[in-house]
Amino acid sequence: MEQKEKISGTQVSMLLFVVVTSTIIIYVPSFTASEAKESAWLAASIIPFAFGCLTLWVVYKLGSSFPTLTIFQSCEVIMGKFLGKSLGLTYVVFLLFMDVLVLREFSDFLNVTTLPLTPRIWLLTGIVVLATYGAYQGLEVIARAVQFILGIYLLGFTIVVLFALTNFEVGRLLPVMEDGLVPIIRGSIAPASWYGEICLLSVLFPFVKKPAELKKKGLIVLIAIALFVTIDVVMTLGVLGAGLTSAYTLSFWTLTRSIEIGEVAQRLESFLLVIWISGIIIKAAVLNNLICLGITQVFGRKTNVVLGIVAFLELFISANLGNVLLVNVILSSYWPPVGIVFELVIPTFLLVIRGVRDKFSSKVRGA
Amino acid sequence: MKIKLKSLLKRSLSFTGKKRLIKVGQTPLEKHPLSASLEQNLTELQKIFDLCADVVFRKFTLNCEPPINAVAVFADTLIDVKSGSETILKVIMQETTSLPENVRITKSNAIQILNERLLTAMNTKITRDFLELADFVLTGRVAIVIDGSSSVLTCYVGGSPGRIIEEPITEPVVRGPRDGFVEDYKINLSLIRRRIKSSRLKVELLEVGAISKTVVALCYIKGIVEDSLIEEVKTRINRIRMDVVNGSGTIEEMITDQPLSLFPLVEYTERPDKVAGSLAEGKVAIFVDNTPMTLIAPTTFISLLQASEDYDNAFIYASFVRLIRVVSLHIALLLPAITVAIMTFHQEIIPDKLMGVVLTSRKELPFPIVVEVLFMEMFFEILREAGVRLPRTIGQSVSIVGGLVIGQASVNAGFVGYIAVIVVALTAVASFAIPNYAAGTAIRILRFGLIILASIMGGVGIMMGLMFILFYLCGVRSFGVPYLSPIAPLIPRDLKDTFIRVPWWAMLTRPTFTGTKELVRMDTNQGSTKPNKGKE
């Protein structure tokens, strides 16, 4: 895919913010609370934040040493043609599965909450068509769409939080760190992998107008995400308590259900639905675009065909992935380690190899 | 894929784009020079204007020794006949004696003397070609063909009267100027020139239409507008090859960025103050002869929600009105769809007491809410169309019979619920609060799609539809300017004139999306100062 479009650093940071938080907002409270109980908000913020910073640093280093190449291409430069292409392909598969999980989050969430009678395949078809359209329009357009919805997204979240404050009790957050550090660390694995989605920067890097800004702006995004997630988890814990938070898979959604303001507004979950869907569609569109980009750069095929193939693959895999429970288990237990490998370990590995090769070749040249 | 779609459409309309315009049964008039003989010229002209009853050949003789025969050729429907006879025929036939003694009119210098000493017309041109001559006659000039001369003198003696300047019907204001454009582009240009008295205001004339030869005037302020924009507009207009251009709508569709756009990518207005304001923001105005609707390019989505009155009203009120418009835009687009979604999928969001009201009113209705809403929306659209097309006197009776009688009866008979009627009425009113008519039509069409989506998937369907519209709008450009700017891409500085309007003393810079050539608009620190501060 010949992409000559450029997006600004601010647009990238807004994009990453929406991409990361749109999954987190629904799932994080229950995943962290099931391990860390009342200290879930610590699990969701500190260690994942550190992990995110580390990922950002590695990805930034990798990106600034190959400022015109995406990670699919830099793999090839670093590892040689065959190994590099294979690694690039695994990255594509990784993104594809990330996308499939996003689609399943979307359809399962809707099936469980508002549209129990709608067949899953129609929901999936709907979002795949939309995401493919977004991907077809290009990164620039998606970035603009993010700028448009970010205000609504944040406003919606703020309104939900403010309304939920009426049921908030600080006592439900106590005791802090009852069982020591181990549960917190265990609970922070899943959020860490989601913070690590900032590694998408390694693909977005060549499209950014002033890559030097990314260090600062990336950090700002991470801080914003951490703040967002902490508020998210603290609110859910404070309203529902640790037990309920871990019992409900979609605990933040349950939180919005409990909202009642006089006799005017009650049960604002449809409201949350709206802002969350906009985020998740953006995320699917971005991933779709990047997958197509990856396939194009690894295999060198034309754009529109790839778009069709990717859309079909996504639809096929996500429709046959199993039931809601299975997806939840994958999301909470199997996906985070895989995510961490692809987000941090492999880029670090690439960076190290490049460092070693540089040193080696400079020695050779020196001698 | 975009290109494929376009070519497919063209093929299905059996237009390959390769054929030139074919003029059936008529060889096109080609350039050929006049001869020196009046007889020959006259025969040729009579051949050209064969069966053109409005073209008149007036034969006369120049008052000199020896007398020279001459013919005035003109279309008497296009010129001011009285002024023509005074400025041309009277001086030629009667006042040649006023010439000095040493000047003698001969066949060779007749044209020159007429032009320089005799004719009192302000605007004269000399031509030696039949094609040009025919064009001049058909644009309302009087051509004077003189025996023995191969050149022809043409002069402009005023046009036939057109509509007088009236208050614009489609864009009325409470506060602001009351003049509106008319059909004659010259008068329209004068309305702009009156507002911008600078030689930097440039006017370029182009001609579009092989048969209609419609004048298209390009207007911009040099130094503010980007040169690339002018070039782009000019190439796009020059690319148009068609026989008759009837109005600015044709030009708009031919120069727009997206061939299949639902939203207006070129704005039109009949208000000179709006055009003048847009020119000052670095936009280009395109005047098309014979229509009061002037095009403005590039345009953004936000500008469709702005009225020229906003700049005249106090800024707090103007901002308030703009916010109201944004709200009504959303009502017009979403309210029926949201109603359908809530009544079909999300009943839990309705508060208990309201639910009671809703239940009692909907208990005995035969159709689901989506059928009711769609039916009422269709009904409203029919009513609106009928009201626009009919003569005003009958239009009223249509609205009484349609709105009151049928509406009331269908509710009383129990076909349609009160909710659907309220929702559709509110939507209809809200859709008229959008200042730009074309944007309003786009919203109305999208509304039907959203209602159907809402009936299938509820709020999720609405959201999917909205995201589709958003992706679409984010990708659209109008002459290179992103349609949703300055919101997406976000240009914080330009937000001062979008959903709100800051006071004039804070309107320091021009919008950047039309270029940054001359960004500063006024001096800083011009805001109101307290009297005692001013004295120090």
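Q: Which strand of chain B does helix α2 (residues 38-48) run at about 15° to?
A: This is a predicted model, where local features need pLDDT of at least 70, side-chain atom pairs count only at pLDDT 80 or more, and totals for chains, interfaces and linings use all residues. Residues are numbered from 1 along each chain as its sequence is written. Helices (H or I, at least four residues) and strands (E, at least two) are DSSP runs, numbered from the N terminus. Helix α2 lies across β1, β2 and β4 of chain B, and the strand it runs at about 15° to is β2(B).

Q: In what order do the five strands of the open sheet in chain B stand?
A: Two strands pair if DSSP finds at least two bridges between them. The pairing here is antiparallel, and the edge strands, each paired on one side only, are β1 (55-62) and β3 (123-127) of chain B. The order is β1-β2-β4-β5-β3.

Q: Which residue in β4(B) is the bridge partner of B:Ala72?
A: Let's look at two strands of the sheet. Strand β2 (residues 68-75) and strand β4 (residues 141-146) of chain B run antiparallel and are joined by four bridges. In β4(B), the partner of B:Ala72 is B:Ile144.

Q: What is the radius of gyration of chain B?
A: Chain B has 16 helices and 12 strands. The radius is taken over C-alpha atoms, and the globule rule is 2.2 Å times the number of residues to the power 0.38. For 536 residues that rule gives 24 Å, and the value for chain B is well over this, so the chain is more spread out than a compact globule, with a radius of gyration of 30 Å.

Key
Chains are lettered from A and ligands numbered from 1 in the order in which they are written. Side-chain values use heavy atoms; hydrogens and water are left out. Contact means heavy atoms within 4.5 Å. Axes are lines fitted to C-alpha atoms, for helices over the stretch in contact, and angles run from 0 to 180 degrees between N-to-C directions.
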